[in-house]
Amino acid sequence: MADFDEQPLRVERFELLASVSAVAAASLDPDVAVQNVAQAVVPAFCDWCVVDLALEGGELGIVATAHRDPGRQPLISELRTAYPPSADPDELHPIHRVIRDGRSVLDRISDDDLQARASDARHLELLRGVGIGSHVVAPLVARGAIIGALSFVRAPDRAPFDDADLLTGEDVARRAAVSIDNATLYRAAQEAARTSDEFMAIASHELRTPLAVVQGHWDLLQRMLARATAGDDAFEPERFQRSLDRLGSGISQLRRLTDELLDVSRLRHTPLAVAVESVDLGQLVRVAVADSPAASRVELAVSDAPLQGNWDPDRLRQVVDNLLANAAKYAPDGSPIEVSLASVGRVARLTVTDHGIGVPDDDREAIFTPFGRAHNAAAGRYPGLGLGLSVSREIVVQMGGRIWVESGGEGAGSTFSVELPTNEPSPED
Ligand code: ADP
């Protein structure tokens, strides 16, 4: 390669950095931004280049490669797939070292080095094929964290990298890291906005159903009252009461939905607050069942022994109401719901069993996470936000207990169980 005096070298470096900054900022897609950077440095600065991001567990994820001879690009892929950079501490590959230490490296590499590094004949063939005479590996640092490494490689027939090139490589890596970080933040912000749009759409849809019930019965009651007052119709207390009941259950549903939404949005920032006092769980469950719209379907088995514990009664009531409402919603109208409460050692165990759609194996954990709905419920005709059980789990865990579901699978019904520590003395106490 021709000798440069200092002036043209500075101009070249300036031009390279300017073009890297321009292409890196040209896209808000992190994958495109990083591929643009790789292409901008080849062949002006190196013969080929690889951008690695540091993944969890010390893994590397190649996000971009470029070779001055596009025909040799597949060799880079094969090299990295078949012979990934060694993470073994005794022969740590420079990429791993740079990611670990955050310091860039410059190495000259001879054919003897390649022979020493190759683990078999194909490996050596690939190392020679891509062309390795010297390399600069620089860390990608964004907001103080090492997010990956940029490797620039020159073939043996080109002047090897020197100390000035090392600085240039570091500068390119700095600019690339900033643009990868910006694009990643932008993508995360967009995803958050989309999730919140989806959430608003689902939430308003869910609120609209009980709202329509409330509106309909409100109108009906007004009309019945007006006609009875005008003497057009006889006052029919039973019809009136029926509409009032429907109105009441619509309002309860609205209240439950808005409470769940509030709980979930609060839980994103602070753990749920529970106000504990001495509670008789048997009494609480009996009242919850009596108040439930599905009361007539419930077969209740509560042990006679008082089940006393230090719990938050309002929050516990929320859990029981949610389990009863779900048992009624996800099972055929009129089918029985079995509720049992018993003490098992020093814990109280509440179970709610229904004979409905069941919970598929794969969804048993997900339904306890915010917005988690089983596929047989989400796809079907069951309204819901997927919030009640996640709030219930939070409540139960805050009180030192656990909640889980057992089901024979789709269509085989479900049993939801809650266990809570009681005040009962243990046999040894
Ligand atoms: P929602 O019922 O509003 O979707 P939940 O958090 O109470 O919210 O329940 C989460 C999911 O768990 C439901 O969407 C449904 O898939 C599943 N699920 C809850 N209870 C039952 C039940 N008794 N039978 C079958 N599936 C249930």
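In strand 9, the residue that forms the bridge partner of Val-298 is Ile-337, and this pair belongs to the five bridges that join strand 7 to strand 9, two strands that run parallel. The model is predicted, so local features need pLDDT of at least 70 and side-chain atom pairs count only at pLDDT 80 or more, while totals for chains, interfaces and linings use all residues. Residues are numbered from 1 along each chain as its sequence is written, and side-chain values use heavy atoms, with hydrogens and water left out. Helices (H or I, at least four residues) and strands (E, at least two) are DSSP runs, numbered from the N terminus, and two strands pair if DSSP finds at least two bridges between them.

- Strands of a sheet pair through backbone hydrogen bonds, either parallel or antiparallel.
- Strand 9 (residues 337-344) pairs with strand 10 (residues 347-354) in the antiparallel sense over seven bridges; in strand 10, the bridge partner of Ser-340 is Thr-351, and Ser-343 stands opposite Ala-348.
- The hairpin of strand 9 and strand 10 has two residues between the strands, and in this hairpin Gly-345 takes a positive phi near 60°.

- Another open sheet has five strands in the order 2-1-5-4-3, and here the pairing is antiparallel.
- Strand 2 (60-67) and strand 3 (105-108) stand at the edges of this sheet, and each has a single partner strand, so one side of each is left without a neighbour.
- Strand 1 (residues 48-54) is joined to strand 2 by seven bridges, and the two run antiparallel; the bridge partner of Leu-53 in strand 2 is Gly-61.
- Helix 2 (residues 30-41) packs on the sheet, where it touches strand 1, strand 2 and strand 5 (145-154), and its direction makes about 40° with that of strand 2.
- Helix 7 (residues 163-230) also packs on the sheet, touching strand 1, strand 3, strand 4 (134-142) and strand 5, with a direction that makes about 35° with that of strand 4.

**Two backbone details in loops**

- Pro-43 lies in the loop between helix 2 and strand 1, and the peptide bond that leads from Val-42 to Pro-43 is cis, with omega near 5°.
- Arg-143, found in the loop between strand 4 and strand 5, has a phi near 45°, a positive value in a residue other than glycine.

**The surroundings of the ligand**

- The ligand is surrounded by 22 residues, the closest of which are Asn-326, Tyr-330, Asp-354, Arg-373 and Leu-389; a residue is near a molecule if one of its heavy atoms lies within 4 Å of it.
- The residues of this shell divide into eleven nonpolar, eight polar and three charged, where Ala, Val, Leu, Ile, Met, Phe, Trp, Tyr, Cys and Pro count as nonpolar, Asp, Glu, Lys and Arg as charged, and the others, Gly among them, as polar.
- Helix 10 (313-329), helix 12 (388-398) and strand 12 (414-421) each supply at least two residues of the shell, and helix 10 gives the most, with four residues.
- An oxygen atom of the ligand is 2.7 Å from a polar backbone atom of Leu-389, and a backbone N or O atom of Ala-374 lies 2.8 Å from an oxygen atom of the ligand.
- A polar side-chain atom of Ser-414 lies 3.3 Å from a nitrogen atom of the ligand.
- The protein covers 98% of the 530 Å² of accessible area (Shrake-Rupley method, 1.4 Å probe) that the ligand has on its own.

Conventions:
Polar contact = N/O pair within 3.5 Å; in protein donor to acceptor, adjacent residues only side chain to side chain. Contact = heavy atoms within 4.5 Å. Axes fitted to C-alpha atoms, helices over the stretch in contact; angles between N-to-C directions.
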